[in-house]
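This briefing covers aromatic contacts and one case of helix packing. Please consult the sequence and structure shown here alongside the points below.

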Amino acid sequence: MTDALSKDLPFDTIESNQNTIESLTTYRLLGNTGLRVSPLAFGAGTFGGEWGDAWSSSKEQAKRIFSRYIEAGGNFFDTSDIYQNGQSEVWLGELLKQAGNRDRMVISTKGTQNQFAGDPNGGGNGSKHIVKAVDASLKRLGTDYIDLYFLHQWDMRTPLEEVLYTFERLVQQGKILHYGLSNFPAWYVAKMQTIAEKNHFSPVSAIQNQYSLAARHSDYEHLPMCKALNIGFTAWSPLANGLLTGKYQVDAQGKLTGSGRLTETWTTDPSVANLASEKNVKLIAELLKIAQVTGRSPSQIALNWMLKHQGVTSAIIGARKLEQLEDNLLALEFHLDSEHVESLNRLSAMEPISPYSYHTDAMQELIHTGTRVETMV
């Protein structure tokens, strides 16, 4: 990387992955666990009919997608208790039962949000809600354990120690094997990891944040933290709700055009709200250019960039159609030239805001004053 923010950060590249032909069966260890997961997880948020056509697959289509994913060697499914109003967990559980392969799969689900209007304890990350939420997810999934359970978001209220003790109790009971935090501040994750280690509790195994060429906010703190603390990083919306698929254009008035979620319904990407920004227009133009030169789809380029060069354990794809899944499955089976990686890095780089603007060669020179200091890893 050469952009101002990321060139000095430790998650620059994954040396072992850059020149390796990979597929769904090139499994990766999930952080500090012994779980082996596919680099492309399948996000089952499309399993269900509650969110409208732009977000939903029919039951038959969901079954075909599920079968094709596991046929290709995929073993990592991600869902949540709120996806499709609970229908996602139900459908996924039914498919796992029909396939008879539950123990071969790694299932992650999430809880935090309130599904019981007017009940102050019907949501959040307190023990009362999370214990009930886990039990409800187990029932919908038709399983007696969850491989990886995430808190869906920070509720800004529950004491961190209560969250940690709740997770430890659930692990000891065998209801969950590992736990993670989704959309949490880096300081919170690091503090929880420190307290867990001090008390010999089960550690934070993974975090789940939005991450893509169009939303690289985790470059600031979360990715370096994951490397330092050996925490897995799973990326949601790696294609920015379709922005990086190449199916959208910008008209003469600077408005995003094209058919899909970004122009027809709600999205999950608040950090890329200005979709037709000058930065995104240039980024997508470069993505299309690289796709044309390499003979690959824009989606494949975006996923390849993330998984081979950014320190991401697994990217959660949310294909609604079988052909979308087939396209995504090819994302790891090629190499991007260094000049293509560098151009994508440069165009997608986040601004080096303070204090990261101090992490430059010029500022380091004020510390080392011409001497050479190397870090031995």
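Is Trp187 buried or exposed? Trp187 is exposed, its relative accessible area being 51%. The model under discussion is predicted, and a search of the whole structure finds 16 aromatic pairs.

**The Trp154–Trp187 pair**
- The ring centres of Trp154 and Trp187 lie 5.7 Å apart with the planes at 85 degrees, so this pair is edge-to-face, given that angles over 60 degrees count as such.
- Trp154 belongs to the loop between strand 6 (146-151) and helix 5 (160-172), while Trp187 belongs to helix 6 (residues 186-198); the pair therefore ties together parts that are 33 residues apart in sequence.
- Trp154 is partly exposed, at a relative accessible area of 28%, whereas Trp187 counts as exposed.

**Other aromatic contacts**
- A cluster linked by ring pairs comprises Phe42, Phe47, Phe66, Tyr69 and Phe77.
- Arg102 places its charged end over the ring of Tyr145, at 4.2 Å from the ring centre.

**Packing of helix 9 with helix 10**
- The axes of helix 9 (residues 278-294) and helix 10 (residues 298-309) are 8 Å apart, and the two helices pack at an angle of about 100 degrees.
- Helix 9 is therefore roughly perpendicular to helix 10.
- Helix 9 contributes Leu287, Leu288, Ile290, Ala291 and Thr294 to the contact, and helix 10 contributes Pro298, Ile301 and Ala302.
- Of the residues in this contact between helix 9 and helix 10, seven are nonpolar, one is polar and none is charged.

Note on methods:
Residues are numbered from 1 along each chain as its sequence is written. This is a predicted model: local features need pLDDT of at least 70, side-chain atom pairs count only at pLDDT 80 or more; totals for chains, interfaces and linings use all residues. Side-chain values use heavy atoms; hydrogens and water are left out. Rings of Phe, Tyr and Trp (its six-membered ring) pair if their centres lie within 6.5 Å; planes under 30 degrees apart count as stacked, over 60 as edge-to-face and the rest as tilted. Helices (H or I, at least four residues) and strands (E, at least two) are DSSP runs, numbered from the N terminus. Buried means under 20% relative accessible area, exposed over 50%, partly exposed in between (1.4 Å probe, protein chains only). A charge sits over a ring if NZ of Lys or CZ of Arg is within 6 Å of the ring centre and within 35 degrees of the ring normal. Axes are lines fitted to C-alpha atoms, for helices over the stretch in contact, and angles run from 0 to 180 degrees between N-to-C directions. Angles under 35 degrees count as roughly parallel, over 145 as roughly antiparallel, 65 to 115 as roughly perpendicular and the rest as oblique. Contact means heavy atoms within 4.5 Å. Ala, Val, Leu, Ile, Met, Phe, Trp, Tyr, Cys and Pro count as nonpolar, Asp, Glu, Lys and Arg as charged, and the others, Gly among them, as polar.
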